[in-house]
Amino acid sequence: MIETSDGYKWKYMYTLSASEQANFLSTDFMAVATNSTVSSAAVDGAIDVIKIKTAGSGGTNGTHTNIDIRGDGTGGKCSVTVAGGLVTAVTVTTAGTGYTFGTVSNAQIVSAGATNLSGAELDVIIPPKGGHGKNAVEELGGFFVMLNTSLEGTESGNSGDVTVANDFRKISLIRDPLAAGSAATATTLRGTKAINITGVSNTFVVDEKITQASTGAVGKVVEWDTVNNILYYIQTRHTNEGIDTNGNQTAFSGTNVVSGAGGGSGTPTTSTSTIDNVSFTSGYSSSEIDADSGDILYIENRAPITRAADQTENIKLVIEF
């Protein structure tokens, strides 16, 4: 039971599991769920609360019982306590059923024994349709949806999907993205392209511009895996990230040398193989998410978050509907 400051008692409408608390409880929000036991026990139009609007004066002290709750429902009864001539408490003794409006008049309280009471006004609180607890989400005003996910290090077993070599500053919610033309179902998917490099000279640097002089391709480094010689990169519609000086976007291809702005260079291999869970065809690997697939429902820009291999970021998105 929960007792409020004004003396009213409520049964628990629902409880949150430890997992729900960890995932969906924040400073400003908490999860709402309909408890099946509470929902099945709810009574449509049952009165649980009557509040004192005006305490009145001059009434006979004592607890006056068996007072009918009148209105369009049936069976509701309450007790009214008078102390110092004032109404100090109201208790629903029988909740009744079927009420969409209800009243308890000063005259009724007088008839129950509070002789000479005048000016008392009580407000009968009507429950939501179906009764308290029938639909907790609707009753408690659940106008928000919270989604929770965690980025755990590099997401073991999906190397390259969640980089720890670069920061991130944008979070998006995408509905129905595709992977290789079908609905994406994997837990994580890599959004970058990749090249398996051989004959590396110097090194590639995160966020630097890369070019392939023989094709005119331009890109930007997301991560350079020195262990497996995998260059992860993006090509966007922006200059120095995918668009050349003529405004064209050309794909990296063939065994043409790839050069970094910082002096690193190497030649794409001709290997068709899987390296560290990244599948290459003739030295190249496409993004695991189909470009421009899915519907963007939400985008949030944040301050840069720098990652580490032993780091976990817990991300909560709250969306109003």
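**Figure 1. Strand E14 meets strand E19 in this predicted model.** Strand E14 covers residues 193–201, and strand E19 covers residues 265–268. The two run antiparallel and are joined by three bridges.

**Figure 2. The hairpin of E18 and E19.** Strand E18 spans residues 258–260. Two bridges tie E18 to E19, and the strands run antiparallel. Ser259 faces Ser265 of E19.

**Figure 3. The hairpin of E6 and E7.** Strand E6 holds residues 77–83, and strand E7 holds residues 86–94. They are antiparallel, with seven bridges between them. Cys78 is paired with Val92 in E7. The hairpin has two residues between its strands. Gly84 has a positive phi near 60°.

**Figure 4. The largest nonpolar core and the surroundings of Val104.** This core contains 17 residues. Ile50, Val80, Val104 and Ile109 have the most contacts inside it. E6, E7 and strand E9 (118–125) each contribute at least two residues to this core. Beyond its neighbours within four places in sequence, Val104 touches Ile50, Ile67, Asp68, Ile69, Cys78, Ile109, Leu122 and Val124. Cys78, in this list, is the residue whose bridge partner in E7 is Val92. A second, separate core has twelve residues, among them Ile197, Ile210, Val221 and Val258. In soluble globular proteins, nonpolar side chains tend to be buried together.

**Figure 5. Arg307, in the loop between strands E23 and E24.** Strand E23 covers residues 295–306. Arg307 has 6% relative accessibility, so it counts as buried; the cut-off is under 20%. The side chain of Arg307 makes a polar contact of 2.6 Å with the side chain of Glu313. A polar atom of the Arg307 side chain also lies 3.1 Å from the backbone oxygen of Thr163. Leaving out neighbours within four places in sequence, Arg307 is in contact with several residues, including Leu151, Glu152, Gly153, Val162, Val164, Asn166 and Phe168. Thr163 and Glu313 are in that contact list too.

**Figure 6. Asn314 in strand E24.** Strand E24 runs over residues 312–320. Asn314 is partly exposed, because its relative accessibility is 40%; that class lies between 20% and 50%. The side chain of Asn314 forms a polar contact of 2.9 Å with the side chain of Ser150. A polar contact of 2.9 Å also links the side chains of Asn314 and Lys316. Apart from neighbours within four places in sequence, Asn314 contacts Asn148, Thr149 and Ser150. Tyr233 is 81 residues from Asn314 along the chain, and their C-alpha atoms are 25 Å apart.

**Figure 7. The whole chain, for orientation.** The protein has four helices and 24 strands. The C-alpha trace spans about 100 × 35 × 35 Å along its principal axes. The radius of gyration is 33 Å, whereas a compact globule of 321 residues would have one near 20 Å. Of the 321 residues, 32% count as buried. Among contacts with a separation of 6 or more, 67% are between residues 24 or more positions apart. The accessible surface comes to about 17,600 Å², and carbon and sulfur atoms account for 50% of this surface.

Methods
Residues are numbered from 1 along each chain as its sequence is written. This is a predicted model: local features need pLDDT of at least 70, side-chain atom pairs count only at pLDDT 80 or more; totals for chains, interfaces and linings use all residues. Side-chain values use heavy atoms; hydrogens and water are left out. Two strands pair if DSSP finds at least two bridges between them. Buried means under 20% relative accessible area, exposed over 50%, partly exposed in between (1.4 Å probe, protein chains only). Contact means heavy atoms within 4.5 Å. A polar contact is a pair of N or O atoms within 3.5 Å; within protein, one must be able to donate a hydrogen and the other to accept it, and residues adjacent in sequence count only if both atoms are side-chain atoms. A nonpolar core is a set of buried Ala, Val, Leu, Ile, Met, Phe, Trp, Tyr and Cys residues joined through side-chain atoms within 4.5 Å. The radius of gyration is taken over C-alpha atoms; the globule rule is 2.2 Å times the number of residues to the power 0.38. Accessible areas come from the Shrake-Rupley method with a 1.4 Å probe; for residues, only the protein chains shown count as cover.
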